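Thank you for making time this morning. I would like to walk you through one protein model, going from a few individual residues out to the whole chain, so please keep the display open while I talk.

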Amino acid sequence: MSTLQRWLGRAVPATPLERAAALWSFAYFFMLLAGYYVLRPLRDEMAIAGGVKNLPWMFTATFVTLLVAQPLYGALVTKLPRARFIPVVYHFFAINLAAFWLLLTLDLGTVIVARVFFVWVSVFNLFAVAVFWSFMADIFDGAQGKRLFGFIGAGGTAGALLGPVITFGLSVPLGPVNLLIVAVIFLELAVFCVHGLERAAAHLRRGETRVAERRIGGGAFAALPELTRSPYLLGVACWVSLLSFGGTILYFEQANIVASAVHGAGEQTRIFAGIDLVVGLLTLATQFFATAKLIGRFGVGAAAAALPAVYVVGFAALAVAPGLAVVLVVQVVQRWMNFAISNPARQIFYTVVAREEKYKAKNLIDVVIFRGSDALYGWMFDSLQLLGLKLGAIALCALPVALGWTVLAASLGRVQERRAAEMASVLASGD
């Protein structure tokens, strides 16, 4: 036990109360992403099975679904306290998964259900993770985020490692459809962790119990005004849109290259699961041993700029050699850098905004703007191909955008640090 305590002390530089909340957060994120990564390889295989040319339509359908869901989520946040609406969101997704399992088991409209499932998984991933990080930004401040978000993110990474292992090992004996029930179990375990985290958070700060039980208030459509009146949030929204730009261009390059170079749904699924596994191992080691130190040493801006810097190098490589090995290496490295370094920095951006903005404007940015950007950039990629551009030329066109994204990240980091210092000054003065 003493050895474990010493190891936790090194991995989680925190007070005992902070460590308790961080451990519950670790477990919560572990369950959430284990459930998602059980589903992800199946989703990616369905995307290719549905036809690579249909990807822009599926991305657009995802965006339209999110446009409808966003005000409904806003109304839920407005009317229910945090301790109630977060479990409601995950119970809802669990019920959806059970419905998909029933439809696919009965073999009802398999092709249509498969396409709807691709859209649903994309929506679920964004909403479920956005709600998680809103919760984190609500209970931890910026200084705590620098120390703890890497470790908390490691919980998600560990879950992301377990998910593809389960899919890899059980997809044949259980059948892919029955893995949906496994994902349901993980979601319900995540809800259990939410309740544990609420209890731990109650001891973290004075009055936190009252905060958890108090409605956030505002209106169902408050997210858009919150976003438009804040230059800082607009900058974060631009960063997230550019995150989508890089990811979408690379995803479409990967889909085209894999579709032409690898034949058979089984082999394609194994490649995607293998990518998830390698990314998970690299990210987990980084989050446990380096994330907090790197963000503390170089700052939030440098951490947020690390991902676009990877894209600069990656797009340059794809412009020269758009082949299978190159696209897989770039995909692994960019996801590793995103999960291990830049995503914790991005979540720290939100620790210096108002509480209502953490749940509403943040959700609008991380969910609707992100997926809307996916749809936009998906059609842009399709249009560039229609104009006759090859994969290498498209990567070359993306290169200057990644350079601009790097500059934006550094600027946002400076603003976050200034806001965090101002908030700490206010708290110190007792104002």
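**A buried lysine and its surroundings**

Let me begin with Lys-362, which is buried, with a relative accessible area of 0%. Please bear in mind throughout that this is a predicted model. Lys-362 lies in helix 16, which covers residues 361-386, and its side chain makes a polar contact of 2.6 Å with the side chain of Asp-366. If we leave aside the neighbours within four places in sequence, Lys-362 is in contact with Ala-130, Trp-133, Ser-134, Gln-347, Tyr-350 and Glu-357.

Is Asp-366 buried or exposed? Asp-366 has a relative accessibility of 3%, and because the limit for buried is under 20%, Asp-366 counts as buried. Besides the contact with Lys-362, the side chain of Asp-366 makes a polar contact of 2.8 Å with the side chain of Tyr-350. Setting aside neighbours within four places in sequence, Asp-366 is in contact with Leu-126, Ala-130, Val-240, Arg-346, Gln-347 and Tyr-350. One of these, Val-240, is 126 residues away along the chain, and yet the two C-alpha atoms are separated by 6.9 Å.

Our next stop is Gln-334, which lies in helix 14, residues 324-349, and which counts as buried at 6% relative accessibility. The side chain of Gln-334 is joined to that of Gln-331 by a polar contact of 2.6 Å. Not counting residues up to four places away in sequence, Gln-334 touches Leu-250, Leu-307, Val-310 and Tyr-311.

Ala-395 lies in helix 17, residues 391-429, and is buried, with a relative accessible area of 0%. Leaving out residues up to four places away in sequence, Ala-395 touches Glu-253, Phe-315, Leu-318 and Ala-319.

Helix 13, which runs over residues 300-320, deserves a look of its own: with 21 residues, this helix reaches 32 Å from its first C-alpha to its last, close to the 30 Å expected at 1.5 Å a residue. Where does helix 13 bend? The bend is at Ala-306, by about 30°, and a proline, Pro-308, follows within four residues.

Let us now turn to the nonpolar residues. In soluble globular proteins, nonpolar side chains tend to be buried together. Here the largest nonpolar core has 147 residues, and those with the most contacts inside it are Tyr-28, Tyr-90 and Met-136. Helix 5, residues 110-139, gives the most to this core, with 20 residues. Taking Met-136 as our example, and leaving aside neighbours within four places in sequence, we find contacts with Ser-25, Tyr-28, Phe-149, Ile-152 and Leu-197.

Finally, let us step back to the whole protein, which has 17 helices and 0 strands. Of its 431 residues, 58% count as buried, and the protein exposes about 17400 Å², of which carbon and sulfur atoms supply 71%. How many of the contacts between residues at least 6 apart in sequence join residues at least 24 apart? The share is 88%, and the pair of Asp-366 and Val-240, 126 residues apart along the chain, is one to look for in the display.

Methods. Residues are numbered from 1 along each chain as its sequence is written. This is a predicted model: local features need pLDDT of at least 70, side-chain atom pairs count only at pLDDT 80 or more; totals for chains, interfaces and linings use all residues. Side-chain values use heavy atoms; hydrogens and water are left out. Helices (H or I, at least four residues) and strands (E, at least two) are DSSP runs, numbered from the N terminus. Buried means under 20% relative accessible area, exposed over 50%, partly exposed in between (1.4 Å probe, protein chains only). A polar contact is a pair of N or O atoms within 3.5 Å; within protein, one must be able to donate a hydrogen and the other to accept it, and residues adjacent in sequence count only if both atoms are side-chain atoms. Contact means heavy atoms within 4.5 Å. The expected span of a helix is 1.5 Å times one less than its number of residues. The bend at a residue is the angle between axes fitted to the seven residues ending there and the seven starting there. A nonpolar core is a set of buried Ala, Val, Leu, Ile, Met, Phe, Trp, Tyr and Cys residues joined through side-chain atoms within 4.5 Å. Accessible areas come from the Shrake-Rupley method with a 1.4 Å probe; for residues, only the protein chains shown count as cover.
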